[in-house]
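Please view the sequence and the structure together.

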Amino acid sequence: MNRLGLILALLLTWLMATAASARPTVVIDPGHGGHDRGAVRAGRHPEKIYALDVARRVASRLHRAGFRVIMTRNRDAFVSLSGRCAIANRQRQAVFISIHFNAAARRGADGIETFYYGRRAYRLAASVHRRLVVAAGTDNRGVRRRPFYVLRHTRCPAILIEAGFLSNPREGARIAHSPTHRQRLADAIAAGIIDAHR
Ligand SMILES: [Zn+2]
């Protein structure tokens, strides 16, 4: 390789490294796990199962898009809230995405809500929420600021997604019985994360 070639190769390597570092590591946090089952409906799996399923789909989609992805759990195991935050706080530059499903005493309640706490996380929350509401086709319950533990104790931008109500007969059935629906939710979450880092 001549000198010009070497300089160009070094420049290209530097540009690629810079482009890669502009993208955060995505820490995906499937809610609950192990003895903590999350929302439960008779005759259906608990929330923890669907949270993990959708989280894995989001992870594989982001991985294919070139993101570095870390899961706070990748099996049905209990991880403390502080343990989840510690995983995120070990990363140099990250975003934290906690995935949950909702339940309410009122069976008619349905839809998507996305939470953030740190102001820096608002853009990410809004971006994911916008995509998710379209994909779910149910009620838009809004982007809300709430001091949830995992949102307060992560140093990076952090959001918590409630991707639908297991307690709603229609929405719950789609979440439980349609892998296509869960993939659609996962694709929307991934697309929202990608939108926020263009
Ligand atoms: Zn939950």
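In what order do the six strands form an open sheet?

## Sheet order and basis of the model

The order is E2-E1-E3-E6-E4-E5, and the pairing is mixed. Strands (E, at least two residues) and helices (H or I, at least four) are DSSP runs, numbered from the N terminus. Two strands pair if DSSP finds at least two bridges between them. The edge strands are E2 (69-71) and E5, each of which pairs on one side only. On average, neighbouring strands of this sheet are turned by 20 degrees against each other, with direction ignored.

The model is predicted: local features need pLDDT of at least 70, side-chain atom pairs count only at pLDDT 80 or more, and totals for chains, interfaces and linings use all residues. Residues are numbered from 1 along each chain as its sequence is written.

## Strand E6 and its partners

Strand E6 (158-165) pairs with E3 in the parallel sense over six bridges. In this pairing, Ile-97 has Ile-159 in E6 as its bridge partner. The pairing of E6 with E4 is antiparallel, over four bridges, and here Glu-113 stands opposite Glu-162 in E6.

Eight of the eight residues of E6 are buried, so this strand is largely enclosed by the rest of the structure. A residue counts as buried if 20 or more other C-beta atoms lie within 10 Å of its own, as exposed if 12 or fewer do, and as partly exposed in between, with C-beta atoms placed from the backbone. Phe-165 belongs to E6 and is buried, with 28 other C-beta atoms within 10 Å. Beyond the residues up to four places away in sequence, Phe-165 touches Asn-102, Ala-103, Ala-104, Ala-109, Asp-110, Glu-171 and Gly-172. Contact between two residues is defined by C-beta atoms, placed from the backbone, that lie within 7 Å. Gly-108 is 57 residues from Phe-165 along the chain, and their C-alpha atoms are separated by 9.3 Å.

## The E4 to E5 crossover

Strand E4 (residues 112-116) pairs with strand E5 (residues 140-145) in the parallel sense over four bridges. From E4 the chain crosses through helix H4 (residues 122-136) to E5, a β-α-β crossover that is right-handed. A crossover is right-handed if, with the strands pointing away from the viewer, the path from the first strand over the helix to the second runs clockwise. Within this strand pair, Ile-112 stands opposite Asn-140 in E5.

Two packed helices are described by the angle between their axes and the distance between the axes. The axes of H4 and helix H7 (residues 179-196) come within 8 Å and cross at roughly 150 degrees, and that makes H4 roughly antiparallel to H7. Axes are lines fitted to C-alpha atoms, for helices over the stretch in contact, and angles run from 0 to 180 degrees between N-to-C directions. Angles under 35 degrees count as roughly parallel, over 145 as roughly antiparallel, 65 to 115 as roughly perpendicular and the rest as oblique. H4 passes H7 in a right-handed crossing; a crossing is right-handed if the near helix is turned clockwise from the far one by less than a right angle, and left-handed if anticlockwise. Residues that meet across this pair include Leu-124, Val-128 and Leu-132 in H4 and Leu-185, Ala-188 and Ile-189 in H7.

Helix H2 (residues 47-64) lies across E1 (25-30), E2, E3 (94-102) and E6, running at about 145 degrees to E3. H2 and H7 pack at an angle of about 50 degrees, with their axes 8 Å apart; they are therefore oblique to each other. The crossing of H2 and H7 is right-handed. The contact includes Tyr-50, Val-54, Val-58 and Leu-62 of H2 and Leu-185, Ala-186, Ile-189 and Ile-193 of H7.

## Two alanines

Is Ala-186 buried or exposed? Ala-186, in helix H7, is buried, with 24 other C-beta atoms within 10 Å. Leaving aside neighbours within four places in sequence, Ala-186 is in contact with Val-54, Arg-57, Val-58 and Arg-61.

Ala-176 lies in helix H6 (residues 169-177) and is partly exposed, with 17 other C-beta atoms within 10 Å. Apart from residues up to four places away in sequence, Ala-176 touches Arg-44 and His-45. Ala-176 and Pro-46 are 130 residues apart in sequence and 9.4 Å apart in space, C-alpha to C-alpha.
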